[in-house]
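Here are a few notes to read alongside the structure. Keep it open and find each spot as you go.

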Amino acid sequence: MPIRTRPTTWRTLATAATAALTATLLTPAAADAAAPRESRPVHSYADAIREAVWVDTGLDEDLDGRTDRVAVDIVRPREAGRAGRKVPVIMDASPYYSCCGRGNESQTKTYDGHGDIVRMPLFYDNYFVPRGYAVVGVDLAGTSRSDGCVDVGGRSDIRSAKAVVDWLNGRATAYSSRTGGERVRADWTDGSTGMIGKSWDGTIANGVAATGVEGLKTIVPVAAISSWYDYYFTQGAPLYDSGPDWLARYVQTPEAREHCTEVARELTDGAPRTGDRTPLWTERDYVRAAKKVRASVFLVHGMQDLNVRMQHVGPWWDAVGKNGVRRKIWLSQTGHVDPFDFRRAEWVRTLHRWFDHELKGIDNGIDREPVADIERAPDEWVTSTAWPPRGTHAVTLRPAHGARDGVGTLGLRPGRGTASFTDDPALDETDWATRIDTPTPEKAGFVTRPLTRDLRLAGSSRVTVTVTPSTPTAHLSAVLVDLGPDTIRDYADAGEGIVTLSERTCWGASTEGDNSCYRETRAKTADVGHTVVSRGWADLGEHAGTGRGEPLVPGKRYTIGLDLAAADHVVPRGHRLALIVAGTDRGLIDPPADTPTLTLDLARTSARVPFAGGAAAFARATSGPPVTAPHTAPDGVRPPAATAHRVPGETR
């Protein structure tokens, strides 16, 4: 429930003494029963210590002859220090604290005349400092009050945040000013650190965790990137018409722009628009280093996020799972939205319990609760004890010709023959799905019969196509679509599934300079005739899987696998499941240099789709007495028309 600001009533000394005496007389069993189940707001937020330090990263990225220092703003409970108690840290490392703002209301940091923090964006300090946590906001190198250069997920980004974790654990040096020599020790913390943040901020949490740094106990990445290559490309196909050099310029300070020309050149040269995998991308692939992760992971993502797409979820979730770390996941129907703005009360409650367990060691049972929360419909959530749920198995679905020419079927039996389509960069997945029952030249579509029972898809899919192009370049798209009427969050709207209201609720204590009250939201919904469940794209020139594209030979047959994003979706009884293979998905990938016609070999084309219950569940759902499909015009939510210069962390 939201925290309402009200006068604090303190216990009298007599009451406190009685409580202390009672505690000494408790039996061991009673003492265990009396153990705290959650941290309480017993510390004064108004009297909290607010300070700034500059941590030495050990790098000199801006080439000014001295090692770079990053600014660290701290809000921590004063009473804990007086009592000699050390506190854990909740840390958000961000490039957005001055340039762009954080949260739905785009808050920036503000300072007093001494340079100490007055307003820390978001509710973390308001809520958690009274509960015995320190909250730390780190300006990434090259941003706000920090030295150095922005290198978009590379060593400067990651080491500027990792150095702070090291300082909190006594392994790095901090100073009381940006250029001074007075050292500052973090003797007020026990070193236990949890990193949190949305988008770029959460990406930094992923990257720091992938270093294996000691003292980082948990990360909470929200809508975060796990591999920067997969933010800009997907199997060689470009997602945006810009690269990391543009993004660095967008967030860094004028001083950094002036002194970081060498880093800018490396970002430009190391990220060619060909989509080739280079050492620059290898350095920024945190999935590759996931075996080093020690921290637990509470992952949150929107299944319709078309900024940081769901392609970042499956590989990272699986990789950290192989490492045996504790995991928890929330998957919403939103786009690029923070859970504070789509499930606020439950988010604050759950985050509180998660940090209490992971950073304070409170046995509150959250580790024994369901691993996954899935938004099945707007504001309607279900849970799973594991994710993907136990008993989920990949099933090979086969496209085949149907009774009508140009309208294919999807089932367990292999098809024969071919199906052709011509890339039309003016069309997108909504156009394809809307015309699924009509032969059109820009797509090849295949559908199941209407389902006789609900069918749950959970996890990552892969579509393998054998295709013959007519030109030296070709891009491919593959989408899985639920054909049937539904009400979903309108993720293509400006709010990406939410509407911001005028009413405010308060989440923690407030001061004159830092108000804990934020505007409420509600779901923005759309009535649709189809829902895109999962998407994947590729440059056919990447068919060899070497990370380097090559020109195609027109008329030659190629086989390539398209990795579709992770999803969790129930296709209801009476709906149909469709597989669509096409060329450019307008607004989601850039078109190739040519306009190819591509011919699918149906016998060598398939989709591996993870279903709860496996092949038996699919067979049951597609057999039995005929079911009348709902009659509806299959309109869906249309993706954005343009993708230029997308910024991780901002809404459209």
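1. Let's start with Glu 61: at 11% relative accessibility, this residue counts as buried, because the cut-off for buried is under 20%. Keep in mind that the model is a predicted one.

2. Where does Glu 61 lie? Look in the loop between β1 (49–56) and β2 (69–76). The side chain of Glu 61 makes a polar contact with the side chain of Arg 155, at 2.8 Å. Leaving aside residues up to four places away in sequence, Glu 61 touches Asp 68, Cys 149, Asp 151, Arg 155, Ser 156 and Val 263.

3. Now hop over to helix α8, which spans residues 244–251. Its buried residues are Pro 244, Asp 245, Leu 247, Ala 248 and Val 251. They sit on the same side of α8, because they cover an arc of only 160° around the axis. So what covers them? The cover includes α6 (200–209), α7 (229–232), α10 (261–270) and α11 (279–283).

4. Next, check out the second largest pocket, with a volume of about 590 Å³. Its lining has 29 residues, and those nearest the centre are Asp 230, Gln 235, Arg 277, Pro 315 and Asp 563. Elements giving two or more residues to this lining are α7, α12 (314–322) and β27 (558–563). β27 gives the most, with 3 residues.

5. What is that lining like by class? For the second largest pocket, count 8 nonpolar, 14 polar and 7 charged residues.

Notes:
Residues numbered from 1 in each chain as written. Predicted model: local features only at pLDDT ≥ 70, side-chain atom pairs only at ≥ 80, totals over all residues. Heavy atoms only, no water. Buried < 20%, exposed > 50% of the residue type's maximum accessible area, 1.4 Å probe, protein only. Helix = DSSP H or I, 4+ residues; strand = E, 2+ residues; numbered from the N terminus. Arc of directions from axis to C-beta. Contact = heavy atoms within 4.5 Å. 1 Å grid on protein atoms, 1.4 Å probe; cavity = no way out; pocket = protein on both sides within 12 Å on 5 of 7 lines; lining within 4 Å. Points joined across faces, edges and corners; volume = space filled by probe spheres on them. Nonpolar A, V, L, I, M, F, W, Y, C, P; charged D, E, K, R; others polar. Polar contact = N/O pair within 3.5 Å; in protein donor to acceptor, adjacent residues only side chain to side chain.
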